[in-house]
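Look at the model below before you read on.

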Amino acid sequence: MTALTLVVVLALLYRPLGDHIHRVYSGTSDTRAERLTYRLLGVAPRREQRWPGYARSVLAFSLVSILFLYVFQRVQNHLFLSLGFPPVTDHVAWNTAVSFVTNTNWQSYAGENTMGHLVQMSGLAVQNFVSAAVGLAVAMALVRGFARSGSTTIGNFWADLVRGTYRILLPLAFAGAVLLVAGGVVQNLAGPHEVPAALGGTTTLTGGPVASQEAVKQLGTNGGGFYAANSAHPWENPNGWTNWLANLLMLLIPVALPRAFGRMVGQNRQGYALAAVVAVIAVASVVLTNVFELRAAATVPQAAGMAMEGKEVRFGLSESATFAASTTLTSTGAVNAAHDSFTPLGGMMTMVNMMLGEVAPGGVGSGLYGLLILAVITVFVAGLMVGRTPEYLGKKIAAREIKLASLYFLVTPVLVLTGTALALANRAGLAGMLNTGPHGLSEVLYAFASAANNNGSAFAGLTTGTPWWDVALGVAMLVGRFVPIVFVLALAGSLARQTPVPSSAGTLPTHRPQFVGLVVGVTVVVVALTFLPALALGPLAEGVGG
Amino acid sequence: MTRRLGVAVRALLVLTVVAGGLYPLVVLGVAQVFFRHKADGSLLAKGSRLIAQDFAGSPRYFQSRPSATGYDMLRTGASNLGPESVVDVPGRPSLLTQVCARSKRVGEREGVSGARPFCTGSGVGAVLKVFPGRVVSVNEPCPAVPFMTEYQGVNVECAQKGQSYAAGRTVPIRGGARWTVPPDAVTASGSGLDPHISVRYADLQAARVARERGRPVEEVRALVRRHTDVPAIGFMGEPGVNVLALNLDLDR
């Protein structure tokens, strides 16, 4: 029922929000706040960049962000609202800085006993906005590559960054935050403090600016919880309504982006085709995750009578399973239940969702560029079958384009599989596992799938606040984010230069169900071929072996 | 590149002021003016309505769900033990044994059967390690009498201290038991602070609470109904009984 209403509401918002995003990135007028911002930055928003310049701007901004966030955490004890917490240790600060800048929000720390309110509010939450805006910017640059003809430039990064933040993320996050507070999420500046307890004595409560962070955590598909328990925490997600809203917020922008794409290339039906790909994969995944959790096919869930370990009564099985699917289908990574304690196959679904490359619908921006790369690969595969030079939206997919697209898709499997292998091959890596046997392998595999795909959720039994894990996952997040971004921008540059060829009788139509089916097929086959052996040793061994 | 880095620094500073200063403070203002009670954490006379407290050892009260982190708001979280965590390690009971032990305890407390599938009568996981010609009940250290005497014609032994049985095949034994104690009473929540219990678990506890307080059970059940939170708009979430609000009301 929850999933059904989400689908309906998302379908209703698909056009208005997609059209709004299209206007934001195609418009030629600036608001007063934007003009002031550009003056402070010293940039000319209309000065277009070639792809290398655009890429260098993305990297410069992200580098500065990582350094700033690292230092911020390291000196938090000297700042106000630190709640008396000491500086964050060096490896945790590195991991966290990379994690939030890459839109991953892997958390090797527990918010409530590590981060002061100022770091949360003005450090981590800021990256929740701007890392999402960076994703949007890169996606829009790629779309311009398809939309433009004979152009050497793909837009201005600084203008895209500011517009995305001011006109899309801030207003939606504000509305979301107010609705969340109205639903019972806390928003105050109280630190840990004692209050009388029911049985006498006292109990410690610790508040904070939670709602403002929660809204953008979901909206920007970030997922880093204010508290360690993330969206399972009753002050971060107190009831069914806030849970539904959180679910909607994380799907909102990624689902509407195909519409913006369709508008920008002047063919709405191309947007519908991509949205259909998303819908097919996402609905299948949500249904399967629900089925597996309800069946409770494993020893402990059978003993307990229901797979309720790690789940909250107010969400029950179904809303935990649906949330788990949405959070891994998007690159959010917020959790309202402990994925580590899911049934083997339910837990596997969350892993598979990430391994799909975060495209159904994926992260803010990153989902759309991932989808477009998949579409490029699909027309290439289809072109090989019929022996024609493939083209997508009139742009020829020649050697350079397909090389960039393939490289894009090789990055994450390489990171996930070599990362997992490295962790299993050394003592510091093995030391992190809480569970033994196939489930221990699942924890490690999940961690690298999550980091490399910039998801950020975890099989949280894995102890990762150690130097080895913090550094290894930090590298996986960094490479998994920015190397693909460079390939995407290079592809955008080479597509923008081309003048479109008119379609002929031999052109594969990319708006028909046939093409939707092909893209879904390519996605699933690529993932299956890459990850099946690893999945067989982890969740499948656990789920089928018993 | 220096110029570009300069722009990047300025961009981050401006966006930090807007998204990291203005935005949360405006939300804070709206929250504190219009939704003060909720923004401060839905506080009751003693604690927050949304944060579970520990009532263990006080039979006059309804008991909260188990917490993997001791109901500590400064380190929230779940057990994170997997669905096939069935073999105990010294000092670290498996998830299965934790479920079995809780079930036995709750059963004794409420005067009902605490038996469940895959659990021994002594409240540990009913799990065998099977070797060629040898079978060990791995969660029952000697001198315990194993929960079953033989498995496929082989005598079942108790587990010797200090022995590793890792090499054996793990065989959990379902047994014929059915559960009476509800699932949420034997599993730890995701946050460690779950403020609710299922209606079924509350009904199970009502008789004992009524007896301990010398009040008619209908009266206690009426209070349970009053403190049952229903799903928003009829379908968002699952019903749950708010333990703290219920207990505070009982004391009134």
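How do S7(B) and strand S8 (residues 240–242) of chain B pair, and over how many bridges? The two strands run antiparallel, with 2 bridges between them. Keep in mind that this is a predicted model.

**The sheet of three strands**

Asp229(B) is one place to start: Gly240(B) in S8(B) stands opposite this residue. The sheet around this pair is open and has 3 strands. Their order is S6-S8-S7 (chain B), and the pairing is antiparallel. Strand S6 (196–197) and strand S7 (228–229) of chain B are the edges. Each has a single partner strand, so one side of each has no neighbour in the sheet. Helix H7 (residues 243–251) of chain B packs on this sheet. The helix touches S6 and S8 of chain B. Its direction makes about 45 degrees with that of S8(B).

**The sheet of five strands**

Chain B has another open sheet, with 5 strands. Read across, the order is S3-S4-S2-S1-S5 (chain B), and the pairing is mixed. Strand S3 (150–151) and strand S5 (169–172) of chain B are its edge strands, and each pairs on one side only.

Which senses are mixed here? Strand S2 of chain B shows both, as the table sets out.

| Strand pair | Sense | Bridges |
|---|---|---|
| S1 (residues 127–131) and S2, chain B | antiparallel | 4 bridges |
| S2 and S4 (residues 154–159), chain B | parallel | 4 bridges |

Ser137(B) lets you trace both pairings. Towards S4(B), the bridge partner of Ser137(B) is Cys158(B). In general, strands of a sheet pair through backbone hydrogen bonds, either parallel or antiparallel.

S1(B) and S2(B) also form a hairpin, with 2 residues between them. Gly133(B) sits in the turn and has a positive phi of about 75 degrees.

Why is strand S2 (residues 134–141) of chain B described as largely enclosed? Of its 8 residues, 6 are buried, so the rest of the structure largely encloses this strand.

**The whole of chain B**

Now step back. Chain B comes to 7 helices and 8 strands. The chain is divided into three parts: domain 1 (2–39), domain 2 (42–79 + 188–252) and domain 3 (82–181). The centres of domain 1 and domain 2 of chain B are 37 Å apart, taken over C-alpha atoms.

How does chain B compare with a compact globule of 252 residues? Such a globule would have a radius of gyration near 18 Å, but chain B has 25 Å. Along its principal axes, the C-alpha trace spans about 75 × 70 × 30 Å. Of the 252 residues of chain B, 49% count as buried. Among contacts in chain B with a separation of 6 or more, 52% come from residues 24 or more positions apart.

**Where chain A meets chain B**

The contact takes 96 residues from chain A and 84 residues from chain B. On the chain A side, helix H7 (residues 157–183) gives the most, with 9 residues. By class, that side has 55 nonpolar, 32 polar and 9 charged residues.

Methods:
Residues numbered from 1 in each chain as written. Chains lettered and ligands numbered in written order. Predicted model: local features only at pLDDT ≥ 70, side-chain atom pairs only at ≥ 80, totals over all residues. Buried ≥ 20, exposed ≤ 12 C-beta atoms within 10 Å, placed from the backbone. Pairing = 2+ DSSP bridges. Contact = placed C-beta atoms within 7 Å. Nonpolar A, V, L, I, M, F, W, Y, C, P; charged D, E, K, R; others polar. Domains from an automatic or database assignment. Rg over C-alpha atoms; globule rule 2.2 N^0.38 Å. Axes fitted to C-alpha atoms, helices over the stretch in contact; angles between N-to-C directions.
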